[in-house]
Amino acid sequence: MKASKYQMGLIAGSLFFFGIGLTLYKAISLGFPLVPGESRQVWTIESKINFKPSGGPVQVDLGLPKGLGGWVVLEEYFASSGFGFTVINSAKGRTARWTRQNLDHSTTLYYKMQVYRPVDTPLENIPPPEIKRPRLEKDQLAATERLIALLRERSSDDRSFVSLLVNEFNAESRDMDAEFLLGSFEEPSLTVLQTVLAHAGIPAQRLRGIRLEDGRRRQTVSSLLEYHDGEDWVVIDPDNGQVGMPPNFFVWERGNDTILGVIGGRDSSLEFALVSNSLPAKTVMGMEQRAEEFNLLDF
C-alpha cells in the first residue's frame with residue numbers, strides 16, 4: 001500500500017515538474033504568454049523605393065530581411081502595380097524583384113512588413129570572410145601603414161585597435177594620416193574604416209538596418225561596423241565608437257552586399273516609415289505560426 005502511494009506520488013511529482021518545464025520552455029524559448037492579456041511590441045515598417053527612369057527595361061531588386069538577431073518577420077506586403085513581381089530565393093537569401101519593359105515617369109514601389117523580437121539573441125558566429133585588401137595609391141598606402149603602426153603601438157589587441165581607429169576618425173583634431181585618408185577617398189568614412197582594417201589584417205563587414213523610432217518617417221538605412229577579433233564578431237557604431245548592438249536596431253542585412261539595386265533607373269532612394277503597436281500575445285503567436293507555414297511551403 002505504501003509502495004503504491006509512493007509510486008503515485010512519484011508520478012504526480014514527475015508530471016508536475018514536466019508541466020512546469022514545458023510551460024517555461026514555451027514562455028522563454030517560444031514566446032508563449034504566461035498570463036492572459038499579455039502583449040507584444042510589433043513594429044510596422046513601410047519601405048518606399050523612389051527612382052526616376054533612365055531609359056530601357058527596368059529592374060528593381062530589394063534584398064529582404066533574414067530575421068537576424070532574434071527578429072521575426074510576421075507579415076509582408078508588396079505593391080507592384082504595373083510591374084512584374086517575384087520573390088527570388090537563393091543561397092544568400094530572398095530578393096524582391098520588380099520588372100517592367102519601359103517607364104516614362106518617376107515611380108515609387110512599396111514593401112511593408114510587421115516584425116517583432118521575441119528574444120534578443122546574438123548574431124551567429126559565422127567564419128570571417130577572406131580579407132581582400134583594396135588597391136591604394138602610393139600616398140594612400142603609405143598613410144594607411146603609418147596610421148596602422150601608430151595605433152598598433154597604442155593598442156593591446158584587435159578590439160582596442162578598432163576602438164582607437166574609430167575614435168580617431170571621429171575626433172575633432174585628427175592625426176594627419178587619418179585626416180588625409182578621409183579626405184582623399186571619394187567614399188563614406190565607413191568604407192575608409194573597412195579599408196584600413198583590411199590592411200591591418202582584421203576581417204570586417206557592414207551590418208545594416210533600421211533604428212526603430214515610433215512615428216518616424218523618412219528614416220534611412222543605418223550602418224554599423226562588424227569586425228572579427230579572432231574569436232567572435234564585435235559590433236561597433238562607426239559614428240560614436242559605442243560597442244554592442246544598439247537597442248531597437250532592426251537588422252536588415254549582414255555583409256557587404258547591396259540592399260537596393262536599380263537597373264534602368266537613376267536617383268534611387270530607400271526610405272522607411274515606422275510605427276510601433278502593442279498587440280495581444282496570442283495574436284502575434286498566430287501571425288508567427290502562419291508566417292512559418294508560408295515559409296515552409298515557399299521552400
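Hi everyone. A word on the ground rules: this is a predicted model, where local features need pLDDT of at least 70 and side-chain atom pairs count only at pLDDT 80 or more, while totals for chains, interfaces and linings use all residues. Residues are numbered from 1 along each chain as its sequence is written, and side-chain values use heavy atoms, leaving out hydrogens and water.

Let's start with the overview. The protein has six helices and twelve strands; these are DSSP runs numbered from the N terminus, with helices being H or I of at least four residues and strands E of at least two. Of its 299 residues, 38% count as buried, where buried means under 20% relative accessible area, exposed over 50% and partly exposed in between, with a 1.4 Å probe and protein chains only. If we take contacts between residues at least 6 apart in sequence, 76% join residues at least 24 apart; contact here is heavy atoms within 4.5 Å.

Now, please look at the sheet. In what order do the four strands of the open sheet run? The order is β9-β8-β7-β10, with antiparallel pairing; two strands pair if DSSP finds at least two bridges between them. At the edges are β9 (233–236) and β10 (249–254), each pairing on one side only. From one strand to the next, the twist averages 35°. Such angles run from 0 to 180 degrees between N-to-C directions, with axes fitted to C-alpha atoms, for helices over the stretch in contact. Strand β8 (222–228) is joined to β9 by four bridges, and Leu225 has Ile236 in β9 as its bridge partner. Helix α3 (158–170) packs on the sheet, touching β8 and β9, and its direction makes about 20° with that of β9. Helix α5 (189–199) lies across β7 (204–211) and β8, at about 155° to β7.

On to the rings. The whole structure holds eight aromatic pairs; rings of Phe, Tyr and Trp (its six-membered ring) pair if their centres lie within 6.5 Å, and planes under 30 degrees apart are stacked, over 60 edge-to-face, the rest tilted. Trp71 and Phe250 are buried. Both belong to a cluster linked by ring pairs, which also includes Phe78, Phe85 and Trp98.

Finally, the cores. The largest nonpolar core has 26 residues, of which Ile45, Leu62, Phe250 and Trp252 touch the most other members. By nonpolar core I mean buried Ala, Val, Leu, Ile, Met, Phe, Trp, Tyr and Cys residues joined through side-chain atoms within 4.5 Å. Elements giving two or more residues to this core include β1 (39–53), β2 and β10. Another core, of 25 residues, lies apart from it, with Val162 and Leu225 among them.

Ser47 is found in strand β1, and, leaving aside neighbours within four places in sequence, its contacts include Tyr111, Trp252 and Phe272.
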